[in-house]
Amino acid sequence: MAGMRFSPEESPEANQHLQLPQQQLQTGREVASDDDRSVAADSWSIKSDYGSTLDDEQRHADAAEALSSAANFRPASDYSSDKDEPDAETSMLGLQSYWDAAYLDELANFREHGHAGEIWFGTDVMDTVISWTKSLCTDVSQGHIPNHGGEPKPQSVEQDEKYLSCWSVLDIGTGNGLLLQELSKQGYNLRLCLFTDLTGTDYSEGAIDLAQSLADRDGFSNIKFLVDDILETKLDRQFQLVMDKGTLDAVGLHPDGPIKRIMYWDSVSKLLAPGGILVITSCNHTKDELVQEVENFNQRNIAISQEPSATKDQETHRDHPPFRYLNHVRTYPTFMFGGSVGSRVATVAFLRN
């Protein structure tokens, strides 16, 4: 099931359900109202106002071919379209119409009352993701690759400014853009410039309108917001840090979820610069499930690189898979449910080889 969105006044403890493997999640049953929506991501999309850098049919065909030998996946032709009702294995949260309506409501609420909207996964999770990511990026900038044994070590503010001021950041499925605002605030009180190159993208025009309005109101003119589809991105640059807070969750809830997830990883691997970091925060997947999904993507790329028709770029994956696991947040509260120990969310970082 998708994770809850919390307003600043709400307590995350109100929704402490165990983070279970995706196949055990019950999707599409807890969308109660606009004020109490259970959501999986800031946004996902299948169509961008900016078009696509690749032929849409070819992208779907490539992804479908990769799935053709996998068990339990239906052919792409068996899935319903965006406008069809979701089946029991998917959710309204995977449909474009849900997000368009949700952000129209939030934009109207902002214009009438000045409200920023809800905070994905709660303020505590957002604060943890930001502080943990900042320390991780500083470590990697100094050549200190974590050994998977612990949390990144906090650095002095002077070191943060030295190593992070040149980092470019992309937030995919940015929603109201508050995550980027918080990143931009890092070091502000000490007059330090950290994470100055910030870009937020979302398939929903309403989300980008809301994010831009909030940034203008709050004085964050350095953040760029663009309507763009992560699955068919038009962006022609790479970033050193790519952040995803719930977007992959929503991609997986679409009727074409398995195919679109492959398209997601293909796009992210192109947007993330070599040596860059991808940070995913999910409520639908455990750390181990995310690591396994990345390993599956790596193996798929290795297999493609060995084919006679492989391009030069694809051949580079033969010895250097696109991603490797870097670290994960270990400080989220855990609890017991049904004899298993779990947490409400998982945040995992991967390094782009």
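I began with strand E7 (residues 239-245) and strand E8 (residues 272-282): they run parallel and six bridges join them. Asp244 has Ile280 in E8 as its bridge partner. Before going on, I noted that this is a predicted model, where local features need pLDDT of at least 70, side-chain atom pairs count only at pLDDT 80 or more, and totals for chains, interfaces and linings use all residues. Residues are numbered from 1 along each chain as its sequence is written, and side-chain values use heavy atoms, with hydrogens and water left out.

For terms, helices (H or I, at least four residues) and strands (E, at least two) are DSSP runs numbered from the N terminus, and strands pair if DSSP finds at least two bridges between them.

Next I traced the sheet: seven strands, open, mixed pairing, in the order E6-E5-E4-E7-E8-E12-E9. Strand E6 (223-227) and strand E9 (323-328) are at the edges with a single partner strand each, so one side of each lacks a neighbour in the sheet.

Then I checked what packs on it. Helix H3 (residues 123-141) touches E7, E8, E9 and strand E12 (346-352), and its direction makes about 160 degrees with that of E8. Contact here means heavy atoms within 4.5 Å; angles run from 0 to 180 degrees between N-to-C directions, with axes being lines fitted to C-alpha atoms, for helices over the stretch in contact. Helix H8 (residues 257-271) lies across strand E4 (168-172), E7, E8, E9 and E12, at about 135 degrees to E8.
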